[in-house]
Amino acid sequence: MTTMAKNKLSPRRRLVNFLVHLLLAVLAIIWVLPIFWIVLTSFRAEPGAYTNTFLPQGYTLNNYIKLFTDRNVLNFPKMFTNTLIIAVFCCIFSTFFILSVAYSLSRMRFAFRKPYMNIAMILGLFPGFMAMIAQYFILKAMGLTEGSAIRIGLIIVYSACTGLGFQISKGFFDTIPRSIDEAAIIDGATQWQVFTRITMPLAKPIVIYTVMTSFIAPWVDFVFAKVICRANADQFTVAIGLWNMLQKEYIYQWYTCFAAGAVVISIPIAVLFIYMQRFYVEGMSGAVKG
Amino acid sequence: MENSQTNVRNALKYGDLYTRLSALVMGAGLMAHKQIVKGLLVLACEIAFIYYMIMKGLHALSMLPSLGTETQGKVWNEAKQIYEYTAGDNSQQILLAGVVCCFVIAAIILLWILQMRHSYHLQKKLEAGEHVPSFKEDIRNLFDKNLHITLMTLPCLGILIFNIVPLVYMISMAFTTYSKEDEHLMLFDWNGLTQFKRILNMNGNIGRQFWHVLAWTIVWAIFATFLNYIMGMVLAMIINRKDTKGKAFWRFCFVLSIAVPQFVTLMIMNIMLQPSGAINVLLQNLGLTTAPLPFWQNKLWARITIIVINLWVGIPYTMLQVTGILQNIPAELYEAAKMDGAGPAKIFFKITLPYMLFVTTPYLIASFVGNINNFNVIYLLSGGGPTYVGDTAGQTDLLVTWLYKLTVDQQYYNLGAVIGIMTFVILTIVTLITYRNSSSYKNEEAFM
């Protein structure tokens, strides 16, 4: 805005603008403060969960060092590898499932299409937990709840039902003009070629979005992991580990390490999220427009 | 391709010998009608099914009505001079095997119908002298006009095995005595609607808790959904105002809070709001309060705290979601309203809100459902507490968190299943009513 335009603003409008910016500043502080606080806590030198001061008295890197070197009580490095393995596989399967279903529902016409969407809606109304407890019994019957098979169990649990979460991708596919597909088919392309060579490159934002959300899911879920791992400490994922650090028996020793762990996990996820938020917005508004 | 003429009845009535034979030997019709590989595959399925039924299925089905009768017992072994434990029936495994068997039978019936129809269809094609696709062509079609079959088979199987079967299994538990109460964890029995009556009975202990939890769940979902929605929208509008500077910076501040994993922020909030947590320390150091505020210890405080923190969690999400849609509102509407001298509040309530409600009703319903099933916020913040002595449900427990406590902690599986079903029923009713009354359903034409 030029100075000319600025001078034109009436005093009343300037006051409103000032108040709006003040309000935004206050809100921004409220929203950023807890994050700021946890970052400070992760560098705090004094141990324990509760201190008498809001800000730390001394700063140290020991919390991070302990987090990655202390393998005796809560083995964070091990949890980190567990989660990474699960996340990689989960990412591959979920992405394939979600995009396949979304493409089929958006582009193909078949008898089971409408029923599938209705069934997906109805299944979404059941509390996720109800299936979860029974899933545990099914995994147990398959022998996937002991030892390192738990990892396979978790991968299955995280990716098996992702075919129900097609809405955002389908909304995005719907906005790609069908005439492009039709032209390709006239030129002799098969549907498979249209899917892999035309729609996928055009839908790059939503593909990236799906890959990232599927990769993030195992890092941030703790309920399923907790029910399926039960007491198998060597199979814990990062989320259960962090949750355990806040339990009564560990909190005094581990609280600042929890803060460090939270920061370590949050940074990559936050970067991924901020990078993909525009795809999310595009997916949302695209889906509505379509 | 296959029209209404090719149904099973016609296949049995007018089909040739091989088509009719397929009723017994599945795949016979396909093999006779030049689709040998497909026919063999179908036949293999039938053989596998028969093998499964003989080895396991029939036994599983026969046990289903009684759910097992043998209790685990001990038998005195004279020779070894010790008690030997005999394995009793495990009702939970019997029920699971029974449910799985029912699904296998349903699958084979479906396959039977499909192959009957297809066989009759092929027969008619041959009679008309049309080309019957070879196995190779079928495979090629799976990557062309039948691509949806290739793409959707695995996801559908996943949903069937890890969502539908578990749900049916869990729903069937609601009609049994499977619970830690009265030691029914190993061996349990069907008992009809007893648990449903128990939950709906307002005078009983469980029933009283159910109605309390239900009331709070609905209050919570309404507050959480609508406050987030309105405030998120207002925030988005304030940031998008023409005169607001540093739009990207403000947006970044708010997005940062959702970029951090939710369970992490929730656990941090829980710790910060403890009696000796950071917030109370800060308030006391500033001299605003003398004693710690009972954020989680008092019922009303806990409820309000949860709703407020959920605003903290949810407003940035709504802001992200509505930003794009807000910009789609036709500018003429605003100009016309301004010409007529409408103030900002009037414009918001007369134009923005109705437009947004019209466009986003499906999202609003989805977020209402999400809030009723919002496990993380409650479980990680208050853990459902404060809990009164003798209750299984705390004062901030939602139906889902109570369901979790009843099944995972208390092992009252039948009660948990009933609560799950009740949640589903409530959500279905709410969804149907709101969807039917929404303007996007009543008036399918565009807004205005």
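1. A word on burial before we start: a residue is called buried here if 20 or more other C-beta atoms lie within 10 Å of its own, exposed if 12 or fewer, and partly exposed in between. On that count, buried residues make up 41% of the 290 residues in chain A. Please keep in mind throughout that this is a predicted model.

2. How far can you trust it? The model as a whole scores ipTM 0.84 and pTM 0.85. Chain A has a mean pLDDT of 85, with 93% of its residues at 70 or more. For chain B the mean pLDDT is 85, and 96% of its residues reach 70 or more.

3. Helix α4 (residues 76-107) of chain A has the highest mean, 92, while helix α1 (residues 3-8) of chain A has the lowest, 52. Residues 1-5 of chain A stay under 50, and the model gives this stretch 1 contact beyond four places in sequence. Residues 286-290 of chain A are also below 50, yet this stretch has 13 contacts in the model beyond near neighbours in sequence. A friendly caution applies to such places: where pLDDT is low, the predicted coordinates should not be read in detail.

4. Now the build of chain A. You will find 14 helices and 0 strands in this chain. Its radius of gyration is 24 Å, well over the 19 Å that the globule rule gives for 290 residues, so chain A is more spread out than a compact globule. Taken along the principal axes, the C-alpha atoms of chain A fill a box of roughly 75 × 70 × 30 Å. As for contacts in chain A with a separation of 6 or more, 71% of them join residues 24 or more positions apart.

5. What does each chain bring to the contact between them? Chain A contributes 70 residues and chain B contributes 73 residues. On the side of chain A that touches chain B, helix α14 (residues 251-289) of chain A supplies the largest share, with 14 residues. That side of chain A consists of 55 nonpolar, 14 polar and 1 charged residues.

6. The largest nonpolar core has 147 residues, and the members that touch the most others are Ile228(A), Ala239(A) and Met170(B). The most residues in this core, 13, come from α4(A), the helix that also has the highest mean confidence in chain A. Domain 1 (2-141) and domain 2 (202-442) of chain B each supply at least three residues to this core. Apart from it lies another core, of 16 residues, including Ala236(B), Cys253(B), Leu320(B) and Ile325(B).

7. Chain B is assigned two domains: domain 1 (2-141) and domain 2 (202-442). How far apart do the C-alpha centres of domain 1 of chain B and domain 2 of chain B lie? The separation is 47 Å.

8. Two residues other than glycine have a positive phi and deserve a look. Arg230(A) has a phi near 50 degrees and sits in the loop between α12 (223-229) and α13 (238-245) of chain A. Arg230(A) counts as partly exposed because it has 13 C-beta neighbours inside 10 Å. In chain B, Lys34(B) has a phi near 70 degrees, and its place is in the loop between α3 (28-32) and α4 of chain B. With 16 C-beta neighbours inside 10 Å, Lys34(B) is likewise partly exposed.

9. Last, is Thr71(B) buried or exposed? Thr71(B) is exposed, because 10 other C-beta atoms lie within 10 Å, and the cut-off for exposed is 12 or fewer. This residue belongs to the loop between α4 (36-63) and β1 (73-77) of chain B. Beyond residues up to four places away in sequence, Thr71(B) touches Gly88(B) and Leu187(B). Thr71(B) and His33(B) are 38 residues apart in sequence, and their C-alpha atoms are 54 Å apart in space.

Terms used
Residues numbered from 1 in each chain as written. Chains lettered and ligands numbered in written order. Predicted model: local features only at pLDDT ≥ 70, side-chain atom pairs only at ≥ 80, totals over all residues. Contact = placed C-beta atoms within 7 Å. Helix = DSSP H or I, 4+ residues; strand = E, 2+ residues; numbered from the N terminus. Nonpolar A, V, L, I, M, F, W, Y, C, P; charged D, E, K, R; others polar. Domains from an automatic or database assignment. pLDDT = per-residue confidence, 0-100. Core = buried A, V, L, I, M, F, W, Y, C linked by C-beta atoms within 7 Å. Rg over C-alpha atoms; globule rule 2.2 N^0.38 Å.
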